[in-house]
Structure formats: structure tokens, C-alpha cells
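Colleague: I would like to learn how to read a few features of a fold from its coordinates, going slowly from the general idea to the particular case. Could we begin with helices?

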Amino acid sequence: MSNTGNSYIKKLLTQIEKIELLVDEMLDNSSIYYHDYNQGSSVILIGASPYHWGDKDEKTQLVIKEIYLKFIDNFELLLENANPKTKNEIERSKNNILNLIEQRRAPSSIENGKEQCRSYFKVFKDYLHLYKEDIVKTVIVPDTNSLIQYPEPISYKSISPTSKFDFVILPTVLSELDKHKMVHRNEDFRKKVTSVIKRLKGYRNQGDVLSGVRVNKTITLKMVATEPDFEKTLNWLDFKNNDDRIIANVLELQISNPNDNIVFITSDINLQNKAQLANLNSFDTDELE
């Protein structure tokens, strides 16, 4: 399965649209009634709303909440450099949307609830629109097995919409290559991995691989030296798991460059699933054949 079409920003905006439509559906299947408990009472309840939920669409509510919380996890990775005022506005809107999804405090009407939802999400949209929706450049990031199978960057040219793209090697991939070279039980495989490592070392002789060296005329090969910061990534990623380290590294590249079309290359279905959950574009190595 391949997914290489949209920028990270565009994906988040699309998810907002989906959530808004689901909230509309939930509200249309719900009801609100008016009853003022303070009327005629000697005890006044400060802040009590006269509007209350009647019927609730709990099935759709559960679906929305799961999608919404995943959206929030991915969206908040972009907030590190946001100013405090923007962060506070987003936090208020985040809680107001969750209140509406969980159908706690009722709005004055179903239509008013829909309007509130869109006004709360406008804060998210305004922040996302600070970034460009259009893709700036394509960055291709292979996992270990993909790099062993296709060590030449030119092999990935069909994935990029242009002949010019970056080809990035992650530190966990380099570590796994070294391990395969030493301990893999198949001698032919060890020799193949050794050949890949020799090829990568050859790029170091062409210049600074951390900044990028030009290969195949239009392709820039780069190596990432630093491990991902697990204090600033999705909380379900485990730093002890190599697959998760790779996903975290790709995600870190994407968050640092939200408008780049970063495509993670893997034939591992579990890694493909994790990439999808992390809002990352992926391409199945087997489709290169």
C-alpha cells in the first residue's frame, strides 16, 4: 500500500473536515431540550445552563473521539514554536471541542452546536494556514530492508514527482546494517549488507553527508546523525523498539519540515500501520519492482 500524496499540513486539515462532518452527524442524531432549573426556585444555581441533552448518539461519539484524540496528538507536535497566546487559544478550543464531542454541556440548539464546532476548529485551521499546504520538496527515507534491497538512490526515482529529491539514511538504519553485517546467519546476506555499507561509506568521500552530497546529478543523499527526541514525539512510540525509533526519526524530519513530502519506504506491514497512525506518507518497497 502506498500513500505519498499529501503534505502533513494538508492531512491535518482534511482530518478536521472529517471530524466536523462526523460531529454534524452526531448532532443530527441527538436532541436538546430547554429546562431552567432556576425558574421558580429559591436556590439559584450560578452558571447552570437551561439547555440539556436529550437523546445522544453514543456510537458516533465514540468514533469521533478516537479520531479526534489521534488528530490532537499529531497536531500538537507542531506547537513547540507557537507563541503562548496561540497555545492558550488552541488549548481552550481543544477542550471545548472535546466537551461537545462528549456531549457534556449542551448548546442552545443543534445548529448552534455545529456553529460552535466550526468556530473552535477555526483556531486550529488558522494555525495550520501559517504553513503552506503545497509540497516544497520530496524526501525519501528507506527502512533497513528497503536500503538493502535497493541501495541505489536512483532506484526510488519513480516515487518522486520530479527528478530532484533528497534521500535520507537514518541512524537506526545504519545501526541495523552494522548488526546484520556481524551476526546475520546467512553469509550471502552478510556480504550483501557489507556491500551496502561500503557504498554508503563511499558517499562520505564525496563530501559532508550530514549536509548532503549530490548523487545521480539531481539526488541529494543525507545521513542523520542524531537519534529522535522521545520527549517531543507521539507517546505511543517506544524508544527501546527499533521500528518505533525509525518512525520517530521520520516524524521528527516531517515536523521540522511540515511542507515537505516525506515518504517512508518499507514493505513491513506493521511499520506501514505505524506510519499511517503517525500521519506519515509511506510507500511499499515491493511496488518498486
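Modeller: The expected span of a helix is 1.5 Å times one less than its number of residues. Please keep in mind that this is a predicted model. Helix 2, residues 58-75, has 18 residues and reaches 25 Å from its first C-alpha to its last, which is close to the 26 Å expected.

Colleague: Which residues of helix 2 are buried, and which are exposed on the other side?

Modeller: The general idea is that an α-helix has 3.6 residues a turn, so residues three or four places apart point the same way. In helix 2 the buried residues are T60, Q61, I64, Y68, F71, I72, N74 and F75. They cover an arc of only 155° around the axis, and therefore lie on the same side of helix 2. On the other side of helix 2, E58, K59 and L62 are exposed.

Colleague: What covers the buried residues of helix 2?

Modeller: The cover includes helix 1 (8-28), helix 3 (84-101), helix 4 (110-128) and helix 9.

Colleague: Is N279 buried or exposed, and which residues does N279 touch?

Modeller: N279 counts as buried because its relative accessible area is 7%, and the cut-off for that label is under 20%. Leaving aside residues up to four places away in sequence, N279 touches Y8, K11, L12, Q15 and N74; of these, N74 is also among the buried residues of helix 2. With the side chain of Q15, the side chain of N279 makes a polar contact at 2.7 Å.

Colleague: In what order do the strands of the sheet lie, and which are the edge strands?

Modeller: The open sheet is formed by 6 strands in the order 5-6-4-3-7-8, with mixed pairing. Strand 5 and strand 8 are the edge strands, each pairing on one side only, and the twist averages 30° from one strand to the next. Strand 7 (residues 261-265) and strand 8 run parallel and are joined by 3 bridges, and I265 has F283 in strand 8 as its bridge partner.

Colleague: How should I read a positive phi?

Modeller: Most residues other than glycine have a negative phi. Here N216 has a positive phi of about 50° although it is not a glycine, and K217, also other than glycine, has a positive phi near 70°. N216 lies in the loop between strand 5 (213-215) and strand 6 (219-223), and K217 lies in the loop between strand 5 and strand 6.

Colleague: Why does N216 count as partly exposed, and why does K217 count as exposed?

Modeller: N216 counts as partly exposed because its relative accessibility is 35%, whereas K217 counts as exposed because its relative accessibility is 75%.

Technical notes. Residues are numbered from 1 along each chain as its sequence is written. This is a predicted model: local features need pLDDT of at least 70, side-chain atom pairs count only at pLDDT 80 or more; totals for chains, interfaces and linings use all residues. Side-chain values use heavy atoms; hydrogens and water are left out. Helices (H or I, at least four residues) and strands (E, at least two) are DSSP runs, numbered from the N terminus. Buried means under 20% relative accessible area, exposed over 50%, partly exposed in between (1.4 Å probe, protein chains only). A polar contact is a pair of N or O atoms within 3.5 Å; within protein, one must be able to donate a hydrogen and the other to accept it, and residues adjacent in sequence count only if both atoms are side-chain atoms. Contact means heavy atoms within 4.5 Å. Two strands pair if DSSP finds at least two bridges between them. Axes are lines fitted to C-alpha atoms, for helices over the stretch in contact, and angles run from 0 to 180 degrees between N-to-C directions. The arc is that of the directions from the helix axis to the C-beta atoms.
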